[in-house]
Amino acid sequence: MHRTKIGYLIIGVYLIVNSLLFWIIENPYNILSTGIGDLRPFFELSPWLLALLIPAIGMKSFTDEIQNKTIEVLFSKPLSSSHLVLGKFFGLLLLICVSLIPLLIYFFTIQLLIVSNGSFELISHLSGLMGIFLIALVFSAITLCLSLLLKNSVLVLIIGLIICCFHYYGWFYLAELSSSTQWFNALKSFGIIDHYKGLSKGILNVSDIVYYLLNILLFLYLSTLFLERLKFQK
Amino acid sequence: MNWLTHFLWIFSLSVLFLANRLHFIHHRVDLTSDKRYSLSTTTIELIEDVSQLITIDILLSGHLPPSFLRLRSELDQFLELITEKTDSIVINMVDSKWLENNQNANLISENLGIQPHYVFRQIRNTTNQTTVFPWLIIHNETASFPISLLSSKQSLTQPELVLESIELLEKTLLEGIYQAAIKNKKNIAVLKSNKTSDDLYLTDWLLSLKKYYDLASFDFKAAGISTQKTYENLNRFEVLIISNPREEFTLEEKFIIDQFTCHGGRIIWLINPLDVNLKNLYQTENGYLPQINDLAMDDLFFKYQFRFQNQLVADLYASPIVLATGKNESSQYAPFLYPYFPIIQPNQNHPISNRINSVWTRLTSPIDTLKGDLNKTVLLASSEYSKGSGYPIRLDLKTAGQTPEFESFNQQHFMVGILVEGLFESLFTHRIHPFDMDDFKNNGHSAWLVITDGNFGENQIEQSRPLPLGYDKWTNNTYENKSFLVNSVHHLTGHHEILSLGQKKMSLSQLDLVKIERNEMGIKLFMISIPLIVIGVLWVLIQILVKHPKKTIIN
């Protein structure tokens with residue numbers, strides 16, 4: 001139970017940062033000062049915040065178990081490596097839901113503030129929220145993977161942050177350095193941002209969803225392989 | 001872990017990988033309520049018809065202010081949709097560092113007329129200035145077309161301007177592509193004889209038409225050409241523009257115009273039924289009496305079911321004119337409302353004018369339409385507070401200084417611009433033909449646009465250089481005469497696809513600033529309290545759900 005206290009703290013800080021950024025502090029992403037009735041600034045900035053949030057809530061998934069040797073207890077139970085990884089993954093998923101669901105209040109606030117003859121586009125905003133949720137899942141799979149590789153949970157947080165940021169935007173940055181259009185398009189399509197832009201605006205593309213599923217499964221599979229290796233080392 | 005689990009993992013991974021790489025499920029759904037990110041069918045047809053290589057240079061790059069970031073992202077979105085549909089359009093980003101260099105900025109400003117836009121942002125006490133280039137350059141194999149992404153409306157604030165530009169983005173972009181892609185330009189003739197407007201006054205209008213059409217001047221009185229030959233020459237053109245004629249047409253010329261119409265040629269008439277003249281108006285001290293501007297065309301106009309009233313329209317919705325008051329050194333320039341210069345809101349239900357704001361007319365006269373089979377659409381009509389001043393009338397500028405008698409402006413909606421469409425019958429069917437015509441036709445489908453303001457298409461001139469059409473240098477106001485006339489030509493030539501490019505209205509709703517002002521503190525307090533509430537609820541939930549099982553274990 002000692003872990004949940006830090007969980008409260010992380011989720012609380014995440015929500016407070018969101019409130020400050022989008023509603024309170026005067027900055028280009030402040031929704032009240034853009035004067036436009038949609039959550040574009042929120043969707044633009046959220047992946048970056050998630051790159052900090054997810055490694056923070058997932059950093060201790062396996063590192064603590066390994067350090068405290070409780071992992072032996074888990075190994076002794078009749079559970080396969082895949083089950084262990086998926087169990088941890090769904091635990092993270094629950095925490096993500098808890099941190100994202102309160103943000104639905106933003107939708108209702110905007111709906112109340114919009115000019116009387118205007119309308120709030122709920123459906124395209126829900127597709128944006130789905131994009132954010134899928135990104136969070138990819139980030140948690142990455143964090144799980146790292147928490148099996150690295151011994152120190154702070155290291156997981158820092159390296160997780162770097163890898164998540166790179167996977168979100170870095171590919172696009174690399175693509176911009178390339179000279180030919182083929183390389184540009186190929187490198188760009190590895191990055192999350194390329195598959196998130198459409199979702200965040202309300203364009204649902206099947207190939208984008210496939211991309212997210214592929215990423216989640218890939219990192220979860222890597223995690224099971226790492227866990228397997230750990231099991232046989234002992 | 002057994003082999004079966006490994007196999008399941010790898011199998012599902014490879015299925016997803018193949019699905020991702022092979023692009024066989026590129027199904028795309030636009031969830032926005034106004035289908036903002038989908039192209040209209042006319043647009044798709046236009047893009048798929050592009051057969052030559054077109055390059056689009058984006059100058060809007062580098063470190064952009066937030067409102068322009070939105071514009072840029074909307075632009076990228078559209079360009080992506082377009083490049084998905086065709087391989088003949090290539091996008092090229094211009095390096096913002098290249099533009100920051102003054103020499104390069106001067107170069108594009110001189111060659112293409114591309115001007116930077118300055119964004120000022122107030123951050124506490126300092127003003128921050130950013131330079132952006134909201135422009136595209138569209139190249140085809142032979143020419144370059146600079147396209148401004150910003151709407152040219154003067155009266156808007158910065159965010160409104162960008163929102164307006166986003167709304168117009170698809171139209172702007174596609175008009176640019178259309179210009180570059182157009183292959184066989186249609187021919188348009190501009191009448192030079194019969195004392196029509198000087199070239200210099202039509203420059204701005206004709207330059208904007210030149211992007212879409214081949215223009216040529218046409219002369220009824222060219223020496224050494226037979227009337228039959230003149231007629232054949234005219235028949236090569238789709239549209240004839242007759243702007244402000246002040247000399248009567250001969251019988252042969254009338255016959256040619258009649259037959260041109262019956263063979264499908266369309267005509268834009270900008271006529272003053274009274275011989276009014278802006279020069280005379282400004283220069284004579286005590287005013288003058290305009291005569292009737294007799295073009296000897298009344299019977300033809302009557303045949304085509306309209307006629308002019310010899311009156312001038314005065315309207316309370318009018319533009320000011322600037323007059324000097326006082327004498328010599330103490331003279332001041334001040335604007336005065338001049339009721340003979342009506343400002344007109346065009347018909348919002350016709351494709352020509354449904355996106356056009358006010359247009360400016362000067363010394364215009366009412367049109368009467370007559371019963372008949374031709375389809376007559378009113379495009380321009382004066383407001384509900386107008387009156388007709390009958391001929392003879394003394395025109396002077398003193399009217400401007402006087403307060404108008406509001407009660408007398410009680411006549412409503414004089415028609416001053418109409419579109420006549422349908423089956424035009426020849427005036428000469430049962431008459432002697434002025435000369436023998438090889439392919440005389442009794443009737444034919446055509447369209448005429450008639451506006452009773454000879455100055456409607458004329459731009460002002462400063463230091464012998466033309467100003468934009470619709471811009472009044474004295475009052476610094478801009479009216480949309482140019483878009484109206486350009487749209488009219490598109491309509492008459494059947495280029496309806498250009499007109500419908502701009503049809504899509506985006507419903508980006510704005511926030512209610514009053515509501516925000518009133519509730520700002522409340523919203524902020526509410527937002528900061530959400531995290532605390534969520535954490536509280538979570539804590540309570542976990543206490544209830546988790547503690548009890550623990551106790552049972554201990555017991």
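How many bridges join strand 2 of chain B to strand 3 of chain B? Five bridges join strand 2 (residues 54-58) to strand 3 of chain B, and these two strands run parallel; strands count as paired if DSSP finds at least two bridges between them. This is a predicted model, in which local features need pLDDT of at least 70 and side-chain atom pairs count only at pLDDT 80 or more, while totals for chains, interfaces and linings use all residues. Residues are numbered from 1 along each chain as its sequence is written, and chains are lettered from A and ligands numbered from 1 in the order in which they are written. Helices (H or I, at least four residues) and strands (E, at least two) are DSSP runs, numbered from the N terminus.

**Chain A as a whole**

- The secondary structure of chain A comes to 12 helices and one strand, and along the sequence these follow the pattern α-α-α-α-α-α-α-α-α-α-α-β-α.
- Of the 234 residues in chain A, 41% are buried, where buried means that 20 or more other C-beta atoms lie within 10 Å of the residue's own, exposed means 12 or fewer, and partly exposed lies in between, with C-beta atoms placed from the backbone.
- Among contacts in chain A between residues at least 6 apart in sequence, 71% join residues at least 24 apart; two residues are in contact if their C-beta atoms, placed from the backbone, lie within 7 Å.

**Helix 11 of chain A and its partner**

- Seven of the 10 residues of helix 11 of chain A are buried, so this helix is largely enclosed by the rest of the structure; among them are A:H195, A:Y196 and A:L199.
- Helix 8 (residues 122-149) and helix 11 (residues 192-201) of chain A pack at an angle of about 155°, with their axes 6 Å apart; axes are lines fitted to C-alpha atoms, for helices over the stretch in contact, and angles run from 0 to 180 degrees between N-to-C directions.
- That angle makes helix 8 of chain A roughly antiparallel to helix 11 of chain A, because angles over 145 degrees count as roughly antiparallel, under 35 as roughly parallel, 65 to 115 as roughly perpendicular and the rest as oblique.
- The residues that make this contact include A:G128 and A:I135 of helix 8 of chain A, and A:Y196 and A:L199 of helix 11 of chain A.
- After helix 11 of chain A comes A:G202, whose phi is positive, near 105°.

**Where chain A meets chain B**

- In all, 47 residues of chain A are in contact with 43 residues of chain B, and the largest share of the chain A side, 11 residues, comes from helix 12 of chain A.
- Strand 1 of chain A and strand 1 (residues 28-30) of chain B pair in the antiparallel sense over three bridges, with A:L204 standing opposite B:V29.

**Strands of chain B**

- Four strands of chain B form an open sheet in the order 3-2-6-7, with mixed pairing, and its edge strands, each pairing on one side only, are strand 3 (89-93) and strand 7 (144-148) of chain B.
- Strand 8 (residues 186-191) and strand 9 (residues 213-218) of chain B pair in the parallel sense over six bridges, and B:N187 stands opposite B:D214 in strand 9 of chain B.
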